[in-house]
Amino acid sequence: MKKIALPEPFFFENGPRAILLLHAYTGSSNDMRMLGRALEKEGYTVYAPHFKGHGTLDPTDILAATPADWWLDTQNALAFLREKGYQEIAVFGLSLGGIFATKALEEEGLLAAGTLCSPLFLNENNHVVDSFLRYVATVQKIAGIEPTKIAESLPKIKIEVQQQLLEIGNYLPPIQMKIPEITKPFFIAQAGQDELIDSQSAYELKKALVQAAVSFHWYEESSHVITVGRDHHALENDVLDFLNQLHWNEG
């Protein structure tokens, strides 16, 4: 079997302002690389780790992980930045990553946070299961698994991913309950052509942020992975504008 180059976490160190980027469900640091480079170019230090189970050639590795694992990954990433000497940190998350970016803002004393097409208010109007199964078939094909074996594995995987989405849904209420208490600046980006989650959940999040200064951005022509889509330059500029207006204490 030919050697496959797997995505790697990245750490771009280029200034006193630190940004943590958290990728999407079934994604990797590659989701965030263009945004990371744009921020690095403007003098920001950027770290994009991997959530447990992601960035491998076995999609079922994701199903072996839990939301608690991903929260621990988020905490470890913040600890990494703090050990490097960065005390003021802003965090952005794409889709699943936005859930943990929000929780981090609630619990970790950060400067600001942002969500990018993130289902903080997850409902049944989503297509995540079908997307996961397509992802499994694609990755297993790349790994050289026979099509018949791939097809045989999918029904069991479907049940497991449905169970994992239920776990994610059950993980959300404590985070949702604290959203009205957030007072730090908050960035929301939502794709108008989001094919995975209900785009209206972005408005629910905005409505819940009753004490925060919210920077809300709607990208009508973009699809779910907005960081690599047609509006990625506009998104990068909007994120930079948001970050540049924060009160960084660089003493």
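A: Let's start with Tyr25. In this predicted model, and skipping neighbours within four places in sequence, Tyr25 is in contact with His54, Ile62, Leu63, Trp70, Leu96, Val128, Phe132, Val161, Gln164, Leu165 and Ile168. Tyr25 belongs to the largest nonpolar core, a set of 49 residues, and together with Leu20 and Trp70 it touches the most other members. Helix α5 gives the most to this core, with seven residues.

Now for the helices. α5 covers residues 128–142 and α6 covers residues 147–178; their axes come within 9 Å and cross at roughly 140 degrees. Angles over 145 degrees would count as roughly antiparallel, so this pair is called oblique instead. The crossing of α5 and α6 is right-handed. On the α5 side, the contact is made by Val128, Val129, Phe132, Leu133, Val136, Ala137, Gln140 and Lys141. α6 answers with Ile150, Ser153, Leu154, Ile157, Lys158, Val161, Gln162 and Leu165. Sort the residues of this contact by type and you get eleven nonpolar, three polar and two charged. Val128 and Phe132 of α5, along with Val161 and Leu165 of α6, take part in this helix contact, and Tyr25 touches those four as well.

Notes
Residues are numbered from 1 along each chain as its sequence is written. This is a predicted model: local features need pLDDT of at least 70, side-chain atom pairs count only at pLDDT 80 or more; totals for chains, interfaces and linings use all residues. Side-chain values use heavy atoms; hydrogens and water are left out. Axes are lines fitted to C-alpha atoms, for helices over the stretch in contact, and angles run from 0 to 180 degrees between N-to-C directions. Helices (H or I, at least four residues) and strands (E, at least two) are DSSP runs, numbered from the N terminus. Angles under 35 degrees count as roughly parallel, over 145 as roughly antiparallel, 65 to 115 as roughly perpendicular and the rest as oblique. A crossing is left-handed if the near helix is turned anticlockwise from the far one by less than a right angle, and right-handed if clockwise. Contact means heavy atoms within 4.5 Å. Ala, Val, Leu, Ile, Met, Phe, Trp, Tyr, Cys and Pro count as nonpolar, Asp, Glu, Lys and Arg as charged, and the others, Gly among them, as polar. A nonpolar core is a set of buried Ala, Val, Leu, Ile, Met, Phe, Trp, Tyr and Cys residues joined through side-chain atoms within 4.5 Å. Buried means under 20% relative accessible area, exposed over 50%, partly exposed in between (1.4 Å probe, protein chains only).
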